[in-house]
Amino acid sequence: MTRARVLTPVGMDAARQFLAEVRANPTIDALPPDELLFDSVHTYGLLDAPDLRRAPLRTRLEAAAYLTPQLAPIHQRIADDAGFWSWLGMYLFAETAPRDPDGVLRLSPLDETFVVNSGESRSYQRRYRHYLWSAWRLQQEHGDYASFLLAERLNSFGDIADRVFSSSRLFNAGGIVQLILTLYTEGSKQKRQFGRAPGGLRHLIRVLDQFERTYDVYGMPCDALLSILPSEFDRWKPAQP
């Protein structure tokens, strides 16, 4: 067990350097050095920090199920703490980093999958790419009906996940998130051609933008949104019993 910590600005720079080195020389066994995780130059302690352990985390659901109870006592303080989530990304690096079939690390070009720098507005806007933060926040905000997104691989961002996560305004609108999942997913699968077809996801976003002039679309529940969609969306609606 390890007491959770927070990366300092020096620690964040070192974490980004570590990621750059892994991208330049991907191997099976690359790990952040202990000094990056634990020494007083790169990290500092966190009041009432939970004890954490390393465990395999394959899906967002597994990550959320592990993190939610562990972080419950401090969840309000760490919700947007870039240093905490950056430390956690490094601490659970081996458990979350994507690998090819041979086990060799294949990292995203975006540092934000592991490290967040709240001092950069562009980096903050890409925070949803942080594997652990996005899984934890998804469970916090939409766990009751987001089983499709939670069941996806932790480091996977398909069209639906990318659309839901990339806009904080949309992500925080529970009715719209539920609407998207209701229309374009069925069980554990995406419906075919959901993206560009008439009444598809891209069309939906344009329609919601237009509806915003008349309706409080970001505050409406899913059922109310379904009721005002034009007829071209009928083919995507679930069959009535």
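**Helix α8 and its surroundings**

Modeller: I start with the meeting of two helices, where Trp85, Leu88 and Gly89 of α5 are in contact with Leu132, Trp133 and Trp136 of α8, contact being heavy atoms within 4.5 Å. The model is predicted, so local features need pLDDT of at least 70 and side-chain atom pairs count only at pLDDT 80 or more, whereas totals for chains, interfaces and linings use all residues. Residues are numbered from 1 along each chain as its sequence is written, and side-chain values use heavy atoms, with hydrogens and water left out. Helices (H or I, at least four residues) and strands (E, at least two) are DSSP runs, numbered from the N terminus.

Helix α8 takes in residues 131-142, twelve in number, and at 1.5 Å a residue it should span 16 Å, in agreement with the 16 Å between its end C-alpha atoms; the expected span is 1.5 Å times one less than the number of residues. Nine of these twelve residues are buried, so α8 is largely enclosed by the rest of the structure. Here buried means under 20% relative accessible area, exposed over 50%, and partly exposed in between, with a 1.4 Å probe and protein chains only. The buried residues are Tyr131, Leu132, Trp133, Ser134, Ala135, Trp136, Arg137, Leu138 and His142.

As for the packing geometry, two packed helices are described by the angle between their axes and the distance between the axes. Axes are lines fitted to C-alpha atoms, for helices over the stretch in contact, and angles run from 0 to 180 degrees between N-to-C directions. Helix α5 (residues 82-91) packs on α8 at an angle of about 115°, with the axes 8 Å apart, and the two helices are therefore roughly perpendicular to each other. In this scheme angles under 35 degrees count as roughly parallel, over 145 as roughly antiparallel, 65 to 115 as roughly perpendicular, and the rest as oblique. By class, the contact of α5 with α8 holds five nonpolar residues, one polar residue and no charged ones, where Ala, Val, Leu, Ile, Met, Phe, Trp, Tyr, Cys and Pro count as nonpolar, Asp, Glu, Lys and Arg as charged, and the others, Gly among them, as polar.

Another partner of α8 is α3, and the axes of α3 and α8 come within 8 Å and cross at roughly 75°. On the α3 side the contact draws on Arg60, Leu61, Ala63, Ala64, Leu67, Thr68 and Leu71, while α8 contributes Leu132, Ala135, Trp136, Leu138, Gln139 and Gln140. The residues of this contact divide into nine nonpolar, three polar and one charged.

Arg60 lies in α3 (residues 60-71) and Glu152 in the loop between α9 (147-151) and α10 (159-166), so the pair ties together parts that are 92 residues apart in sequence. Glu152 and Arg60 are both buried.

The structure holds eleven salt bridges, and one of them joins the side chains of Asp51 and Arg3 at 2.7 Å, N to O. Asp51 belongs to strand β4 (residues 51-52) and Arg3 to strand β1 (residues 2-3), so this pair ties together parts 48 residues apart in sequence. Asp51 is partly exposed, with a relative accessible area of 32%.

In a further salt bridge the side chains of Arg23 and Asp111 meet at 2.8 Å, N to O. Arg23 lies in helix α1 (residues 9-24) and Asp111 in the loop between α6 (93-96) and α7 (121-125), so the pair ties together parts 88 residues apart in sequence. Arg23 counts as partly exposed at 29% relative accessibility, whereas Asp111, at 16%, counts as buried.

Conventions: A salt bridge is a side-chain nitrogen of Lys or Arg within 4 Å of a carboxyl oxygen of Asp or Glu.
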